[in-house]
Amino acid sequence: MASVFFTPQLRRFTSTPEVQTGAPTLREALEAAFAINPQLRGYVLDEQGELRKHMAVFLDGRMIRDRAGLTDAVRPDSKLYVMQALSGG
């Protein structure tokens with residue numbers, strides 16, 4: 001089963017479950033985590049259901065491609081890491 005991990009920064013605001021899922025897409029994998037803690041959705045997704053600008057998701061070591069539809073394919077052995085994106089200059 002694929003694993004979904006949330007970095008510790010999000011724990012300051014809400015519970016971040018580690019999830020094992022058989023979901024075929026990123027959106028469905030995230031929905032598995034939101035089913036455990038619905039409050040987490042608001043920190044990760046915006047009002048249109050798209051990944052918030054300040055969030056980054058890595059799927060098997062690569063940044064996801066579809067930030068709006070979250071349609072990136074998830075394999076049974078995938079590892080997903082959800083984190084706050086850093087910026088600065």
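Colleague: Where is Arg 67 found?

Modeller: Arg 67 sits in the loop between β4 (62-63) and β5. Helices (H or I, at least four residues) and strands (E, at least two) are DSSP runs, numbered from the N terminus. The model is predicted: local features need pLDDT of at least 70, side-chain atom pairs count only at pLDDT 80 or more, and totals for chains, interfaces and linings use all residues. Residues are numbered from 1 along each chain as its sequence is written, and side-chain values use heavy atoms, with hydrogens and water left out.

Colleague: Which residues does Arg 67 touch?

Modeller: A contact means heavy atoms within 4.5 Å. With residues up to four places away in sequence not counted, Arg 67 touches Glu 50, Leu 51, Arg 52, Lys 53, Met 55 and Ala 56. One of these, Arg 52, has its backbone oxygen 2.6 Å from a polar atom of the Arg 67 side chain. For a polar contact, N or O atoms lie within 3.5 Å; within protein, one must be able to donate a hydrogen and the other to accept it, and residues adjacent in sequence count only if both atoms are side-chain atoms. As for Leu 86, 19 residues from Arg 67 along the chain, the two C-alpha atoms are separated by 16 Å.

Colleague: How do I read strand pairing, and in which sense do β3 and β5 pair?

Modeller: Two strands pair if DSSP finds at least two bridges between them. β3 and β5 pair in the antiparallel sense, over five bridges. Val 57 has Val 82 as its bridge partner in β5, and Leu 59 has Leu 80. β1 also pairs with β5, in the parallel sense and over four bridges; there Ser 3 is partnered by Lys 79.

Colleague: What joins β3 to β4?

Modeller: Two bridges do, and these strands run antiparallel. Leu 59 stands opposite Arg 62 in β4. The hairpin has two residues between the strands, and Asp 60 takes a positive phi near 55° in it. Four of the five residues of β3 are buried, so this strand is largely enclosed by the rest of the structure.

Colleague: Which residues of β5 form its covered face?

Modeller: Leu 80, Val 82 and Gln 84 form the covered face, while Lys 79, Tyr 81 and Met 83 form the uncovered one.

Colleague: How do I read a pair of aromatic rings?

Modeller: The description uses the distance of the centres and the angle of the planes. Rings of Phe, Tyr and Trp (its six-membered ring) pair if their centres lie within 6.5 Å; planes under 30 degrees apart count as stacked, over 60 as edge-to-face and the rest as tilted. The whole structure has two aromatic pairs. Phe 5 and Tyr 81 are stacked, at 5.0 Å centre to centre and 20° between the planes. Phe 5 belongs to strand β1 and Tyr 81 to strand β5, so the pair ties together parts 76 residues apart in sequence. Phe 5 counts as buried at 18% relative accessibility, whereas Tyr 81, at 35%, is partly exposed. Phe 13 and Tyr 43 are also stacked, at 5.4 Å centre to centre and 20° between the planes.

Colleague: Which residues of helix α1 are buried?

Modeller: In α1 (residues 26-36), they are Leu 26, Ala 29, Leu 30, Ala 33 and Phe 34. Seen down the helix axis, they fall within an arc of 145°, so they line one face of α1. The arc is that of the directions from the helix axis to the C-beta atoms. In general, an α-helix has 3.6 residues a turn, so residues three or four places apart point the same way. The cover over the buried residues of α1 includes β1 (2-6), β2 (19-21), α2 (40-44), β3 (55-59) and β5 (79-84).

Colleague: In the largest nonpolar core, which residues touch the most other members?

Modeller: Such a core is a set of buried Ala, Val, Leu, Ile, Met, Phe, Trp, Tyr and Cys residues joined through side-chain atoms within 4.5 Å. Of its 23 residues, Phe 6, Val 44, Leu 51, Leu 80 and Val 82 touch the most other members. At least two residues of this core come from each of β1, α1, α2, β3 and β5, and α1 gives the most, with five. Beyond its neighbours within four places in sequence, Phe 6 is in contact with residues including Ala 33, Leu 40, Val 44 and Val 82.

Notes: Buried means under 20% relative accessible area, exposed over 50%, partly exposed in between (1.4 Å probe, protein chains only).
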